[in-house]
Each structure stands twice: as C-alpha cells, then as structure tokens.
Amino acid sequence: MTTPAKQTKQPEEGEEESVLVCVRVRPAGGADGEAGWTVDQTTITQAAGKHCGERYRFDAVCGTDVHTEQVYERSCREVVGGLLVGRSGTIVAYGQTASGKTHTTQGVMRLACEQVFDEGTAEGGVRVWASYLEVYDEKLTDLLDARSSVQVKDKPVVRVTGAHEVRIGSPNALDAVVNRGERNRKRGATRLNAKSSRSHAVLRLRVETDVRGVRFEATLCVVDLAGSEKPKRRKSGEHSQNGQRAWVTAPETRFHEGVGINKSLSALNHVLRQMGDRFKPSFRNATLTRLLQPTLQGRAKLALICCVAPGTAQLEETRRTLQFGRRAARASIRIVPNTVVPKRTDPEAAARAERLERENLQLARAVAAQAAKLEEKARRIKTLEKLALSVGDADAIAELKRRRRRTTGNVLRDEREKPPRASLDAVGALCRRAEAAEAALKQTASDGAARMKTTEDALAHAA
C-alpha cells in the first residue's frame, strides 16, 4: 500500500472556487427494479431501502427526462467559457458501469467544441488541438497513435508531453477524432454491460485565442472514468442478484481490471479530499491524478457529473457515487493569475492585460470577503433562532422552519420532534433579519459580478 505523502498546508495566495457537482439520473432499464430515488432541481432523495429518506444536495440534479444539452448548460458551460480567457478546466464523469458516463461525456465533448468555436470566433479567432489518452492498468497510452510516448513532466511546469495532437476545425472534426479513439479503447464484458469501458479516457482540448494582441492558452480535460463499482470475483456461469446471467468471459481479468480502476479512483478521491481539507494534494499516487494535475492546479475550474442508475437494483452503488460527489463538493480550486503570452508587436496591450487581470483578482477577493461577512451574520441569526425556540409556540416554530427552508435552503433533520413554544413576534423579526441578510448577499454578489464583467470586457478590448 502506498503511504500518503506528508500533508502540508497550502500557501495563502489567491482566492478559491468550489467544485461544481451535478448529478444525472439515467432513464430506467428493465433490470433496474423499482424506482429508488426522487429528484428535484438540486436534491436527490432515497425512496427505498434501509436508508430511505436520506437526502443529498448538489449544485444541480438532472432527472431521467433531462437531455445532455440541459446537463451541459447547468454544469459545464461556465467551465468551457473560461478557456477563452486562458482559464483551464476539467469535466469528470463518475459513476458505476452502465450509468451513462460515456454517453454523457461524448455529448459534453461535442457541445464544448461548439461553444469554443462560437464564442472564440466572436472574440477574434480561436485555434483548437485535440488529443485522446487512455489510462489502463496504471499505464498511459495514446488512443490516436499507439507509437506515441506520452509522459507527464514536472519541469519547467507540470505538463503532458508526447501526445499526438490533431488540429480541430469544427465540431464534426472532433467527432471523428473521438470515434477514432473509442475504437482503440480497452473494453470488456461485465455483469452490467457487455461492452464496458475498462479504462479511463481523457480528451484534452488545447485552446488558443487572440484578443487584440494578447494570446491566451488553456486546456480542457473531459474525463470518462471507468466504472466505480467494487470489484468482485465471479465465475463465468454465475448469476447476478437480479437473476440475470453474468456477462463475464474472463473473471480474473475483469477482477484485476476492477482493482486497478478503483486504485486510481481512490487516488482521485484522496486528492479531492485533500483539496477540501486545504492540504497540498498528492498527485503522484496514481497515473490518472498525475495526468489531471495540470488542470487541477492553478486557475482552473472543475465540474463533476455523477451518473447514477434510478432503480433499487443499484441502490448501494448509487449511494457510493453520491457520497463521492458530496466529498468532491467540499474541494476548492485556488485561483492564480492567467498566463498571458503577448505578441511582440504590441507589448503595451500585454501590460494593460496584466493590470486588468490584477484588478479582476482584487475584485474577486473583495466579493469573497463580503460574502464571508454576510455568511457570518447569517450564522449569528441562526443562533438567535435557536434561542427563540426555547420560548416559542408550535405553530410559530413550524412557520419559522418553512421560511428558513425558503430563505437559506437548510432543512432541519429531525422535524418529527415536538418543538417548544416561541413568540410569533420574535420569529417574525428573526425571519426579516434573515431575509435582509440574504438580499444583501445577493446584491453584493451581483455588484461584484458586474464589476468583474466590466473588467473582463475591458480586457477583451485592450488595445
């Protein structure tokens, strides 16, 4: 077992952004059993089994009737938009076998390419290169050219070298590259899928944009992870729990593949946990995390799409996926200034771009500081609410809970306990203070976003 590296606190530089987590529930199939989950816009709740009623809250939850375009709008558009101003990003699809990861990632790849060309052309020009890599049994290979020697190097900066890159001129050209790579990907028969992906696939889009004399460079990684289910030894003729014949042609091969898959997923989980705890991540524990290191560090955004099955037949695997997503939501990406490469013909534009970038970062810090102050006020109001409960009335407490759900999105876990008595006047005053704090927070965020948008527009037209 690999001993984790000694954890050291990260230096305090720049602001941070949390990981955006979206859950997608695929349509039901014949082997899924009865419906095991209920969903709304931001929560998914277990509706069967011993953990019935357990609720998970995320940035977005997409039900079985939601198309890939809507999933992209709610989870990926902001990440891809950052490429045009030199901000790298990573989009990861996580979940068990046959949960819809490959279907989702291939749709995301196409939509991301369309967005880059649509917005990049309007900004003044864009160039895109694509490479398609695979991690199988901790070995990194090139799906577009088996002769390539792909490596992750540390100096002068962490980067991927040796990958075969293809210049992309349109979304259709990207589709051809992806299809070419998919034909070379490792696949095998498992209990849940006759053509299961047995490797992690990473599409890397390197994007260059020119904005009035300033060249921005960024990389987008779209990651289709292999199935996250726990590996089990199973004989070829053994039947699964739901009565179906197991799709296993080489039990030992599938088992050892599963062990390797879960090793890299555990390393990714460990990295996200360290990022959430503000420790320096240990990227060297697995090839997958080493490959993703350049886009998980620096000025990058990370979106995680948790793909799950809707039925009772996979309740435990779905719970594990949701728990992974909940841990990932605690992680944060530290913001540092963009790398801007100026053209020799206009050095003044580069200087202006750097100055505007510094101002943009200062605005982001100011907004974050104000948001922290307002959050502290909200916590104080919450403490006052608890004090009010000791002198309250059951009807008033019920009204307070309803208003607080609507105002802050928090739900008290044990609503079945009989509440103490409270004063309606005290409850009303506390609710008004909570609503005022929320309005102030929204206004501050809106003002900060407007100021940063003004700065970014000035950067785009710097000349």
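A disulfide is a pair of cysteine sulfur atoms within 2.5 Å. A search of the whole structure finds zero of them. The structure is a predicted model, with a mean pLDDT of 76. The protein has 463 residues, and 47% of them are buried. Its secondary structure comprises 10 helices and 19 strands.

**Overall fold and surface**
- Of the contacts between residues at least 6 apart in sequence, 73% join residues at least 24 apart.
- The accessible surface of the protein is about 23600 Å². Carbon and sulfur atoms account for 50% of that surface.

**Confidence**
- A pLDDT of 70 or more is reached by 67% of the residues.
- Residues 233–250 stay under 50 in pLDDT. The model gives this stretch 32 contacts beyond four places in sequence.
- Residues 407–424 also stay under 50. Here the model has 42 contacts beyond four places in sequence.

- Cys62 is in no disulfide. The nearest cysteine sulfur belongs to Cys22 and is 3.8 Å away. A disulfide needs the two sulfur atoms within 2.5 Å.
- Cys62 counts as buried, because its relative accessibility is 0%.
- Cys221 is buried too, with a relative accessible area of 1%.

**Helix α1**
- Helix α1 covers residues 68–75. Its buried residues are Thr68, Val71, Tyr72 and Ser75.
- Seen down the axis of α1, these buried residues fall within an arc of 100°, so they line one face of the helix.
- An α-helix has 3.6 residues a turn, so residues three or four places apart point the same way.

**Helix α4**
- Buried in α4 are Pro171, Leu174, Val177, Val178, Gly181 and Glu182.
- These residues cover an arc of only 135° around the axis, which puts them on the same side of α4.
- Asn172 and Arg183 are exposed on the other side of α4.

**Asn269 in helix α5**
- Asn269 lies in helix α5, residues 251–276.
- Asn269 is buried, with a relative accessible area of 15%. The cut-off for buried is under 20%.
- Leaving aside neighbours within four places in sequence, Asn269 is in contact with Phe324 and Arg327.

**Ser149 in a loop**
- Ser149 sits in the loop between β9 (139–142) and β10 (151–153).
- Not counting residues up to four places away in sequence, Ser149 touches Thr161 and Gly162.
- His164 is 15 residues from Ser149 in sequence. The C-alpha to C-alpha distance between Ser149 and His164 is 9.0 Å.

**Positive phi in loops**
- Most residues other than glycine have a negative phi.
- Ala98 has a positive phi, near 65°. Its place is the loop between β7 (88–94) and α3 (101–123). Ala98 counts as partly exposed, at 32% relative accessibility.
- Glu138 has a positive phi, near 65°. Glu138 is found in the loop between β8 (126–136) and β9. With a relative accessible area of 24%, Glu138 is partly exposed.

Terms used. Residues are numbered from 1 along each chain as its sequence is written. This is a predicted model: local features need pLDDT of at least 70, side-chain atom pairs count only at pLDDT 80 or more; totals for chains, interfaces and linings use all residues. Side-chain values use heavy atoms; hydrogens and water are left out. Buried means under 20% relative accessible area, exposed over 50%, partly exposed in between (1.4 Å probe, protein chains only). Helices (H or I, at least four residues) and strands (E, at least two) are DSSP runs, numbered from the N terminus. The arc is that of the directions from the helix axis to the C-beta atoms. Contact means heavy atoms within 4.5 Å. Accessible areas come from the Shrake-Rupley method with a 1.4 Å probe; for residues, only the protein chains shown count as cover. pLDDT is the predictor's confidence in each residue, from 0 to 100.
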